[in-house]
Amino acid sequence: GGVPKVIVPDNLKAAVVRAAFGADAEPQLNRSYCELARHYGFQIDPTPPRSPQKKGKAEAAVKYVRRNFFRPRGVMDIEEARRQLQRWRIEVAGLRVNGTTGRKPAEVFAQEEQRALLALPAQPYELVVWKQAQVHRDSHVCVDGALYSVPWRWLHQKVWARCTARAVVIYAGEERLATHSRP
């Protein structure tokens with residue numbers, strides 16, 4: 001029912017295109033992930049490469065779910081797996097006593113963490129995919145097998161296509177070049 005103020009991705013490509021190596025380097029973030037962050041209002045603070053002390057215990061949580069939820073189950077329908085995982089999360093994982101804190105995760109969330117979340121936006125996020133494209137000599141770019149026109153002065157240049165289910169918008173840097181409805 002809410003959004004954390006800061007997300008610390010572990011340099012996964014869906015969030016971080018290029019990690020920052022060195023104090024002066026800036027990470028290059030995935031454009032779609034940045035739009036997601038703007039929509040929900042959270043800050044992206046990527047984990048520095050080769051800094052396990054700054055990653056928290058995310059890997060331990062993944063191991064816990066894999067060893068305690070997935071191991072005893074066989075192959076099942078995805079919807080049934082989702083229902084069982086939701087029930088397991090509430091009835092088992094949320095009520096266990098955490099070995100580090102000595103507290104139940106569900107109680108910590110309800111008493112401390114939930115009120116720190118940002119409110120969800122009124123509108124759901126519309127999935128956006130950014131793709132780099134080359135403007136061909138006929139003043140078109142090819143995106144997902146369809147051709148979209150671009151002003152001629154951008155011939156042979158690389159541009160970005162912002163793709164949603166309804167539209168493709170072509171950008172050169174931050175300048176909008178063209179907007180097209182999606183077929």
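Which side chain meets that of E35 in a salt bridge? In this predicted model, the partner of E35 is R162, with an N to O distance of 2.7 Å. The pair links distant parts of the chain, as E35 belongs to helix α1 (residues 31-40) and R162 to strand β10 (residues 158-163), 127 residues apart. E35 has a relative accessibility of 12% and therefore counts as buried, the limit being under 20%.

The overall fold comprises four helices and 12 strands. The C-alpha trace spans about 65 × 45 × 35 Å along its principal axes. The radius of gyration of the chain is 22 Å, whereas a compact globule of 183 residues would have a value near 16 Å. Buried residues account for 27% of the 183 residues.

Eight salt bridges are present in the structure. One of them joins the side chains of D144 and R182 at 2.5 Å, N to O. Here D144 lies in the loop between β8 (140-143) and β9 (146-149), while R182 lies in the segment after β12 (175-181), 38 residues apart. D144 is exposed, at 52% relative accessible area, and R182 is partly exposed, at 23%. A further salt bridge, at 3.8 Å (N to O), is formed by E175 and R153. Because E175 is located in strand β12 and R153 in the loop between β9 and β10, this pair ties together parts 22 residues apart in sequence. Salt bridges with shared partners also join K131, D144 and R182 into one network.

Definitions and conventions: Residues are numbered from 1 along each chain as its sequence is written. This is a predicted model: local features need pLDDT of at least 70, side-chain atom pairs count only at pLDDT 80 or more; totals for chains, interfaces and linings use all residues. Side-chain values use heavy atoms; hydrogens and water are left out. Helices (H or I, at least four residues) and strands (E, at least two) are DSSP runs, numbered from the N terminus. The radius of gyration is taken over C-alpha atoms; the globule rule is 2.2 Å times the number of residues to the power 0.38. Buried means under 20% relative accessible area, exposed over 50%, partly exposed in between (1.4 Å probe, protein chains only). A salt bridge is a side-chain nitrogen of Lys or Arg within 4 Å of a carboxyl oxygen of Asp or Glu.
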